[in-house]
Structure formats: structure tokens, C-alpha cells
Amino acid sequence: MKKLWKNNLYFFIPYIIFLLICSILLLSFSKPEIHIFINKANNPFFDTFFKYATFFGDGATIAILSLILLFVRFRYAFAFLAGSLISSLLVVNLFKKVLLHEIYRPSKYFELFETYKLHLVEGVKMHSMQSFPSGHTATAFNVFLMLALLTKNNLLKFVMFCLAVVVGFSRVYLSQHFLIDITAGSVLGVVFIALSWVWVENRKTNWLDKSILTTFKKQ
């Protein structure tokens, strides 16, 4: 774990700062206050930008990256797939659909409890329930942390962090989630990919260091 931290400071340090900022905001203001502040900062460019940026948090992104990694190294594909399935599918859905399935999303919350009229982006299908945590954010941090782990370029590691935050923020901008939802989603995404990476890296199994390409070449 120390090696993982040391080699990826340009992702993890900005992420810790991100968590601190989110925590301070969540402790200082109510979730509707934070959401209204963000919702008021809208314009046509960001409406379009975040409408499409949010797709990088779709579950299909996990499938696509998993397939690509199979051609690089089985070890990477397995680490990514294991971490993503546990965080983005199992844990997220445990909270959303079992433990906290009656938590309102912003559109429904403001419809019932607030007089403020949300700015909603045209063409975005709004969801009403199962707000906590954000699955899209968990997926985004799964994907972009994994890409950060695979590159040795520190600038790219920081860029991957920024992209993960953009996808997470898109969920708040589009009023699909509150800030607390994306904060929790990011923690799940980071923790389980990190744990999965360390666990797989410690497996001394030869086939994990092969790929689809090398397997077929030998045949």
C-alpha cells in the first residue's frame, strides 16, 4: 500500500484535498443549500458539456476498459474488474436498492420540500429515488484511478483525477445527485480499486502477467 501511495501522489494528494473541501462544505451547509448554489451557476455551455461528460460514469465504461486491459495484461484487467464490480455494482447497489432506497434525488427532493425551482438540462432523464451513493461517480473514480495507476506520467495522473471529479460533478450539475452522494461514491471507487490493485499485485501467478495477445501468439 505504501508503494501504491508513493507512486501515485499526483492522484491521491489532490483527491484528499477534494475530500477535505467536500467534507467542510457538507459540515458547514445543508445539502439543499449546496445544491442550490451549484444549480444557480449554470449556462448553456456547461449544460451541454456535463450532459455528455456524465456518460463516462456509465457501467459500459467498465466493460470497455476491462476488454482493453485484457490485451495489455490479465493482472490489470482482473484488478480493475474486481474493484469495479465490488464498488460500483455490489456496494453501491446495496446502499441504493436495499439499505437507503428511499433517499430522494434532488429533483424529487426539491419538488417535495423546497420552493426553489431547479434548473434542469433539457434531454436528461431525471431520476427520483436511490440517491445515495452516486454509482456514476464510483465508476468514474474506478476508471480514472485505474488509468492513473497504469501511467508513470505524474501530469497524466493529475489529469485522471481531474476527469474523475468532472464526471462526479456532472451528477450534481445535472441534479441527479447531491454533493454528499458523489463524495461517498468517490470514496467507494478509490478504496476498492486501490485494495484490488494491491491484492492482485501481490499474487505471484504467471498467467496474470500474460495478455490475450501473448496467449494467442504462443498458440
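## Aromatic cluster

Trp5, Phe11, Phe12, Tyr15, Phe18, Phe141, Phe158 and Phe161 form one aromatic cluster. Rings of Phe, Tyr and Trp (its six-membered ring) count as a pair if their centres lie within 6.5 Å; planes under 30 degrees apart are stacked, over 60 edge-to-face, and the rest tilted. The structure is a predicted model, in which local features need pLDDT of at least 70 and side-chain atom pairs count only at pLDDT 80 or more, while totals for chains, interfaces and linings use all residues. Residues are numbered from 1 along each chain as its sequence is written, and side-chain values use heavy atoms, with hydrogens and water left out.

By the ring rule there are 26 aromatic pairs. The pair of phenylalanine 11 and phenylalanine 161 is edge-to-face, because the ring centres are 5.8 Å apart and the planes stand at 85°. This pair links distant parts of the chain, with phenylalanine 11 in helix α2 and phenylalanine 161 in helix α9, 150 residues apart. Buried means under 20% relative accessible area, exposed over 50%, and partly exposed in between (1.4 Å probe, protein chains only).

## Overall fold

The protein chain has 11 helices and 0 strands. Helices (H or I, at least four residues) and strands (E, at least two) are DSSP runs, numbered from the N terminus. The radius of gyration is 18 Å, close to the 17 Å that the globule rule gives for 219 residues, so the chain is as compact as a globular protein of that length. That radius is taken over C-alpha atoms, and the globule rule is 2.2 Å times the number of residues to the power 0.38.

The C-alpha trace spans about 65 × 35 × 30 Å along its principal axes. Of the 219 residues, 43% count as buried. Contact means heavy atoms within 4.5 Å. Among contacts between residues at least 6 apart in sequence, 84% join residues at least 24 apart.

Helix α3 covers residues 31–40, and its buried residues include Pro32, Ile34, His35, Ile36, Ile38 and Asn39. Among the elements that cover them are α2 (9–28), α7 (106–113), α9 (154–173) and α10 (179–201).

Serine 131 lies in the loop between α7 and α8. Its relative accessible area is 0%, so serine 131 is buried. Beyond its neighbours within four places in sequence, serine 131 is in contact with Lys96, Ile103, Tyr104, Arg105, Pro106, Gln176, His177, Phe178 and Asp181.

## Pockets

On a 1 Å grid over the protein atoms alone, a pocket is an open set of points where a 1.4 Å probe fits, with protein on both sides within 12 Å along at least five of seven lines; lining residues have an atom within 4 Å of a point. Grid points are joined across faces, edges and corners, and a volume is the space filled by probe spheres set on the points.

The largest pocket holds about 430 Å³ of space. Of its 18 lining residues, Lys3, Asn7, Leu149, Trp197 and Glu201 are the closest to its centre. Helices α1 (2–7), α6 (74–99), α8 (135–150) and α10 each supply at least two lining residues. The lining has 7 nonpolar, 4 polar and 7 charged residues; Ala, Val, Leu, Ile, Met, Phe, Trp, Tyr, Cys and Pro count as nonpolar, Asp, Glu, Lys and Arg as charged, and the others, Gly among them, as polar.

The second largest pocket has a volume of about 370 Å³. Its lining, by class, is 16 nonpolar, 1 polar and 1 charged residues.
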